[in-house]
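User: I would like to learn how to read sheets, helix packing and aromatic contacts in a model such as this one. Could you take me through them one at a time?

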Amino acid sequence: MAGDPDDEAEPYALARRQRELSSLYATAKSLTALGELDEVLRSIVRHAHDLIGTDFTYLSLVGEDGRLTARASEGTISATFLAAGIPAQAGLGGRVLASRSPHWVSDYAASTLFDHDADFDRLVDTEALVALLGVPLIIRGEAVGALFAADRSERSFRADEIALLTAFADHAAVALDNARLYEASRNALGELRIAYRRIEDHMEVLERAQAIHEALTDAVLEGGAPDEVAQLLADQLGGNVALLDRSNATLVRRGSATRPCRPPTDAELAEAVGRAPRSGRCTTSVDATGTARSVASIRAGDSRLGALVWSREAGSGDGAAGEMDLRTLERASHIMGLLILKERAVAEASERMSGELLTELMVGSPGISPAQRARTRARGIDADRLDLVLVADSDAVSATEITRHLHDIARDHAGLAGEHLGRATMVLPCAQDHEHDQQDQDHDHDRIVVEVHRRLRRALGEPVHVVGERVANHDWSRAYTTASRCGAVMRAIGHTDLGATTGRYALYALVFDPERVHELDRFIADSLGPLLDYDRRRGTELVETLNAYYVHHANVAATARALHLHVNTLLKRLDRASKVLGLDWRHENDLQLQIGLRLHQLRAIAARST
């Protein structure tokens, strides 16, 4: 019997994601090694070729002569290919440079979308190049080259291939900038070594700079985290080193034990970063207390990831040693950028896997397949204990933003989070064991939902409501539907900023429980069925009129104004409703009618939510 295609595709998709992360890490490792420019370019092209899987890959840069020249390639067959150069305005590369965006053609030789270069077209024939994809290399807003992936047969390029090659181009841009800084640093080091032969005092400066450089490189290659790099900088440079994120919030603070200085406040750090330019060069300012602060922006291509701030007493960073320390801070900012990119890639892969598993459980429920149980177990999650589904929503924050925070909570509780049917969703295990009685489990569910709401409210800074529903028999889909509908009912009755289980809204269970829809239909039919039928046949609005009448507390004048009707017209409608219902509802017990109208209104809202 043939296997399930989804089961066969799963290992392939997982292997592909592992290759992506492995290649991303290998590329970051090449960058942090601060190697020769050509060595780094060859590494970028090799990793891009392995991951993209096209016949060959190459990287071209715009030279001083204004020509786009191939500098590194993988999979080419012509020895003269790397010597090829074309005007920066010609070919597919010209379109990529001019637009600073990806472009591709399924048949290069036959394309009329750009001006062809005769010399390069001859190489196209030699290489049998047919399909070509190019993405720009951008450094500080300037397109300095392009990264290409080519096939020797006609084809189209998928969006995920274009996105993947674009990500590699961003790394290539970082590599170019990093390698150039490295060459400049190496040249400066050579000049200082010459000067050392003449001025013996400079030797200490060079040795210290070299020691810091080696220590930073070793820390990264050994898997060091950003806080470890910050501590290493503080120990080597003295004073305090702080890492700030892109919003200038302080992430890490580290101080020197041997050469301390007054720790800066968050406001002082944010002010120093705000005064500094957003380039990769280091800038220094001195405040009124005599504290010098040097700021190096952390960037990846055109994206700003944060900043490094080195604080010390003014005067301690002067002279040749101080200048070298500033260059060290700049190089450390590049290293920090790579570490941040690596951590972000790992976190995004983990969040994507969590969302995929959540969707699988929702779509496949009720029940858990052996493959799903194995995949959740590999993430340290017991799928059999995932007995609480939570749905979060906010009028002020997108579902994607809420989901990002739910991932953090899910990791803390050994659960799963993701977007399901456009809503921020999470499944969590109950802290109590299953042998505890139902009352204990309900209490635990209530506590978890309240805690999740509290964390989301603090993180988002906006009203948010969280609804939790207990899962029975591994039927996560039904729990999701019930929680979603309950959330719509909560909003309809004005509860938009709280965390609660559906049990707290048992009065409205008929509305948000799909398994009780027949009971709801029967109650509404008994209470206002004749009115609904009359409106449907005659095109009238008697149900809407009665809704407005009760909303305005049976005030005829206020109801007439709300419906834009004359009072006499409204009274005629109310009399018509009495005749249709066969009772004088305005003077008799109308509780059932009011409840029926409210449930009918809430059912429409809940239906729209699903």
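Analyst: What follows goes from the overall fold to a sheet, its helices and then the side chains. This is a predicted model, in which local features need pLDDT of at least 70 and side-chain atom pairs count only at pLDDT 80 or more, while totals for chains, interfaces and linings use all residues. Residues are numbered from 1 along each chain as its sequence is written, and side-chain values use heavy atoms, with hydrogens and water left out.

User: How many helices and strands does the protein chain have?

Analyst: Helices (H or I, at least four residues) and strands (E, at least two) are DSSP runs, numbered from the N terminus. The protein chain has 19 helices and 16 strands. Buried means under 20% relative accessible area, exposed over 50% and partly exposed in between, with a 1.4 Å probe and protein chains only; 48% of the 610 residues of the protein chain count as buried.

User: In what order do the six strands of the open sheet lie?

Analyst: Two strands pair if DSSP finds at least two bridges between them. Here six strands form an open sheet in the order E3-E2-E1-E6-E5-E4, with antiparallel pairing. Strand E3 (85-87) and E4 stand at the edges with a single partner strand each, so one side of each is left without a neighbour in the sheet. From one strand to the next, the twist averages 25°. Within this sheet, strand E1 (residues 56-62) and strand E2 (residues 67-74) pair in the antiparallel sense over six bridges, and the bridge partner of Leu 61 in E2 is Thr 69.

User: Which strands does helix H2 lie across, and which strands do the buried residues of H3 pack against?

Analyst: Axes are lines fitted to C-alpha atoms, for helices over the stretch in contact, and angles run from 0 to 180 degrees between N-to-C directions; contact means heavy atoms within 4.5 Å. Helix H2 (residues 37-52) lies across E1, E2 and E6, and runs at about 65° to E2. In helix H3 (residues 91-99), the buried residues include Leu 92, Val 96 and Leu 97, and the buried residues of H3 pack against E1, E2, E3, E4, strand E5 (131-139) and E6.

User: Where does the charged end of Arg 155 sit?

Analyst: A charge sits over a ring if NZ of Lys or CZ of Arg is within 6 Å of the ring centre and within 35 degrees of the ring normal. The charged end of Arg 155 sits over the ring of Phe 157, 4.2 Å from its centre, and that of Arg 312 sits over the ring of Trp 310, at 3.9 Å.
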